[in-house]
Amino acid sequence: MPGLHRKDLLGLKDLTAEEITLILDTAEPCREIFARELRKMPTLRGKTVVTLFFEPSTRTRTSFEVAAKWMSADAINITVATSSVVKGESFVDTAKTIEAVGADVIIIRHAMAGAPALLAKSVKAAVINAGDGAHEHPTQALLDLYSIRRHKGRIAGLNVTIVGDILHSRVAKSNIWGLTKLGAHVTVVGPPTLMPPGLEELGVRVCYNLDEALEGADVVNVLRIQLERQKKGLFPSIKEYSRLYGINKARLDRLAPDALLMHPGPANLGVEITEEAAEDPRSVIVDQVSNGVAVRMALLYLLTGGGREDGLLH
Amino acid sequence: MVMGEIKALVLDEDGIRRALYRLSHEIAERNKGVENLILVGIRTRGVPLARRLAEMIRQHENIEVPVGVLDITFYRDDLSLIASQPVVHKTEIPMNITGKTIVLVDDVLFTGRTVRAALDALMDLGRPKMIQLAVLADRGHRELPIRADYVGKNIPTSLREVVHVQLRETDPEERVVIVERE
């Protein structure tokens, strides 16, 4: 029986290929709303969706908020600075308070890996992980998967290269889980100091030379490099990083004409990707943002219900 | 499709064809032509019915009437009442519906709640000049003030009975039957 048989979305590691495909399929009709003049559907009327962000984010938080509002849910944003967490209220108590005022879905971002899982155990509301430490960022990976499927027509069998700081990137982790489950061939490439051990065991090819990793790539997903990592000595200089691992016009020219260039944003233009490359016709960076809203609409719908093929109406 | 014991065969293949043929003429007659018309089938079985009506209209009016597909799942009024939600499919309306006459097409008219949801979904897509409703079978028991403009067959039923429309595009057989609810 199809459906998301779970209360929460904590990571793509836990999902089956069927569940991921159901989310992507459900995002299709949601994506249509961008073509409409009237961007409102009554589906989640009476539901309350709370975003609880312990880390700054404009993109992901806004995307969830728009998704909730277009489906007629009431969306409430709580950021650390305005909540009682600064008064010493415990993390779980904060979440229980949010639930007690009627939240049906809590979307959480936290610097600690595992914080969403702890929250999910403490509340009856559905919990969506919007990024936890270097662990997972499942909705970003889902929108990346959706973008690939939308532009390439499939995911299985594609060569997908992920470039950058794989060690600290929750986007990379979630993408690796999702892509391998759906049958893509994943290559990761980046400086050895920013590469976690054990990726080969997940069926991922690990590379340290970008040009080698780009050969035969159908999709290139460029990660944002956290500039403060350089200060910690994980790579010698921004300039060197850009020369060795930056995507520029010359490197793009060696990719196939129908290859896909992605970036979760916001990009450090001139560092991991040049402005010229970001604006290449093969770049779907702007489309990814719209796809993110569609995927999050689909998730809100599925987590407040399920996804079942039956007709109660007639 | 889950089937109980068949109590009555209401329409066979020829019966369905004749009923649709009459509907296709009624639609053209009522609207004094089909120039400004769009046929919109409600998923699932309204869609092949809308396509068949368009083909019949093309044969006698010599005009291609556009056919759209409407998925009403996001507009259902029972989403909060059921444990898990139905799979959603795409809505595909080929053109701007503002100013057009829409003929909504569905297989069975029962409580009227599907049609209510379809009306809301259409209104969110534009402002049609008029919306009409065509159904292959009307089995009664309305829960809302909704009626069909074109009815293939009126089928008096009890609430213990279910009307199944089966079409060659979606099912192994082509017929309309009444079965006892299990």
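Q: Which side chain does R31(A) meet in a salt bridge?
A: The side chain of R31(A) meets that of D287(A), at 2.8 Å from N to O; a salt bridge here is a side-chain nitrogen of Lys or Arg within 4 Å of a carboxyl oxygen of Asp or Glu. The pair links distant parts of the chain, 256 residues apart, with R31(A) in helix α1 (residues 17-31) of chain A and D287(A) in helix α12 (residues 285-303) of chain A. Helices (H or I, at least four residues) and strands (E, at least two) are DSSP runs, numbered from the N terminus.

Q: Before we go on, what kind of model is this?
A: This is a predicted model, in which local features need pLDDT of at least 70 and side-chain atom pairs count only at pLDDT 80 or more, while totals for chains, interfaces and linings use all residues. Residues are numbered from 1 along each chain as its sequence is written, chains are lettered from A and ligands numbered from 1 in the order in which they are written, and side-chain values use heavy atoms, with hydrogens and water left out.

Q: Back to that pair: is R31(A) buried or exposed?
A: R31(A) is buried, at a relative accessible area of 13%, and D287(A) is buried too, at 16%. Buried means under 20% relative accessible area, exposed means over 50%, and partly exposed lies in between (1.4 Å probe, protein chains only).

Q: What about R254(A), which residue does it form a salt bridge with?
A: R254(A) forms one with D211(A), and their closest N and O atoms are 2.5 Å apart. R254(A) lies in the loop between α10 (249-253) and β9 of chain A, whereas D211(A) lies in helix α7 (residues 210-214) of chain A, so the pair ties together parts 43 residues apart in sequence. R254(A) counts as exposed at 57% relative accessibility, while D211(A) is partly exposed at 30%.

Q: How many salt bridges are there over all chains?
A: A search of the whole structure finds 34 of them. There is also a network of salt bridges that links D25(A), E28(A), R149(A) and K90(B).

Q: Changing topic, in what order do the strands β5 to β9 of chain A sit in their sheet?
A: The five strands form an open sheet in the order β7-β6-β5-β8-β9 of chain A, and the pairing is parallel; two strands pair if DSSP finds at least two bridges between them. The edge strands, β7 (205-207) and β9 (260-262) of chain A, each pair on one side only. From one strand to the next the twist averages 20 degrees, where axes are lines fitted to C-alpha atoms, for helices over the stretch in contact, and angles run from 0 to 180 degrees between N-to-C directions.

Q: And how many bridges join β8 to β9(A)?
A: Three bridges join strand β8 (residues 219-222) of chain A to β9(A), and the two run parallel. Within this pairing, N221(A) has M262(A) in β9(A) as its bridge partner.

Q: Now chain B, how many helices and strands are there?
A: Chain B has three helices and eight strands, which follow the pattern β-α-β-α-β-β-α-β-β-β-β along the sequence. Buried residues make up 55% of its 182 residues.

Q: What order do the strands of the open sheet in chain B take?
A: Five strands of chain B form an open sheet in the order β3-β2-β4-β5-β6, with parallel pairing, and its edge strands are β3 and β6 (150-154) of chain B, each of which pairs on one side only. Strand β5 (residues 130-138) of chain B and β6(B) pair over four bridges, and D138(B) stands opposite N154(B) in β6(B).

Q: Which strands does helix α1 of chain B lie across?
A: Helix α1 (residues 13-30) of chain B lies across β2 (37-42), β4, β5 and β6 of chain B, and runs at about 155 degrees to β6(B). Helix α3(B) packs on the sheet and touches β2, β3, β4 and β5 of chain B, contact meaning heavy atoms within 4.5 Å.
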